[in-house]
Amino acid sequence: MSSSKISFSSTKIVVTYDLSNNDVSAQEIADASEGVFDTYISISRVGNFHLPNTTLASSNNITAERAVAEFKQAFKTAKGRKYYSSCSISRVFACEVDGKSGYIENN
């Protein structure tokens with residue numbers, strides 16, 4: 001198990017969400033976001049840390065409200081790329097983290 005305290009300097013927004021009938025991956029949503037979201041955060045001295053399955057991060061300088069709007073659009077696009085999907089967003093949480101401290105643990 002590795003863990004580390006981190007300081008968010010390049011990550012501006014973290015979005016976590018729940019989907020019902022989930023068949024749309026975080027990577028598919030990140031890909032559909034056209035560069036707004038990533039499935040990892042970069043940590044100096046360590047490299048990239050892959051986020052939990054229903055968490056995305058953005059280095060764009062946007063508000064939490066804008067991040068939710070971008071997330072919903074990227075989800076809609078990713079879902080539309082499926083032959084069929086009944087997946088829907090059941091919960092979403094966005095937080096501005098620029099300049100804040102955090103903790104990660106990778107088991």
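By class, the residues around the largest pocket split into 10 nonpolar and 2 polar, with no charged residues at all. Bear in mind that this is a predicted model. The pocket itself comes out at a volume of about 170 Å³. Its lining takes in Ile 6, Phe 8, Val 14, Ile 41, Phe 49, Leu 51, Pro 52, Thr 55, Val 97, Gly 102, Tyr 103 and Ile 104. Which strand gives the most to that lining? Strand E7, covering residues 101-106, does, with 3 residues.

**Around Ile 43**

Some of those lining names turn up again around Ile 43. Setting aside anything within four places in sequence, Ile 43 is in contact with Ile 6, Phe 49 and Ile 104, and Ile 6, Phe 49 and Ile 104 are among the residues that line the largest pocket. Ile 43 belongs to strand E3, which runs over residues 40-43. Is Ile 43 buried or exposed? Its relative accessible area is 10%, so with the buried cut-off at under 20% it counts as buried. For a sense of distance, take Asn 21: it sits 22 residues from Ile 43 in sequence, while their C-alpha atoms are 33 Å apart in space.

**The aromatic cluster**

Now for the rings. A pair of aromatic rings is described by the distance of the centres and the angle of the planes. This structure holds 2 aromatic pairs, listed here:

| Pair | Centre to centre | Angle between planes | Type |
|---|---|---|---|
| Tyr 17 and Phe 71 | 4.7 Å | 40° | tilted |
| Phe 71 and Phe 75 | 6.5 Å | 25° | stacked |

Taken together, the ring pairs link Tyr 17, Phe 71 and Phe 75 into a cluster.

**Ala 67 and the cysteines**

Helix H2 also holds Ala 67. Ala 67 is buried, with a relative accessible area of 0%. What does Ala 67 touch, not counting residues up to four places away in sequence? The answer is Ile 13, Val 15, Phe 37 and Ile 62.

Ala 67 also gives a handle on where Cys 95 sits: the two are 28 residues apart along the chain, with their C-alpha atoms separated by 8.9 Å. Cys 95 counts as partly exposed, at 32% relative accessibility. Cys 87, by contrast, is buried, with a relative accessible area of 0%. How many disulfides does a search of the whole structure find? The count is 0.

Note on methods
Residues are numbered from 1 along each chain as its sequence is written. This is a predicted model: local features need pLDDT of at least 70, side-chain atom pairs count only at pLDDT 80 or more; totals for chains, interfaces and linings use all residues. Side-chain values use heavy atoms; hydrogens and water are left out. Helices (H or I, at least four residues) and strands (E, at least two) are DSSP runs, numbered from the N terminus. Buried means under 20% relative accessible area, exposed over 50%, partly exposed in between (1.4 Å probe, protein chains only). Contact means heavy atoms within 4.5 Å. A disulfide is a pair of cysteine sulfur atoms within 2.5 Å. On a 1 Å grid over the protein atoms alone, a cavity is a set of points where a 1.4 Å probe fits but cannot get out, and a pocket is an open set with protein on both sides within 12 Å along at least five of seven lines; lining residues have an atom within 4 Å of a point. Grid points are joined across faces, edges and corners, and a volume is the space filled by probe spheres set on the points. Ala, Val, Leu, Ile, Met, Phe, Trp, Tyr, Cys and Pro count as nonpolar, Asp, Glu, Lys and Arg as charged, and the others, Gly among them, as polar. Rings of Phe, Tyr and Trp (its six-membered ring) pair if their centres lie within 6.5 Å; planes under 30 degrees apart count as stacked, over 60 as edge-to-face and the rest as tilted.
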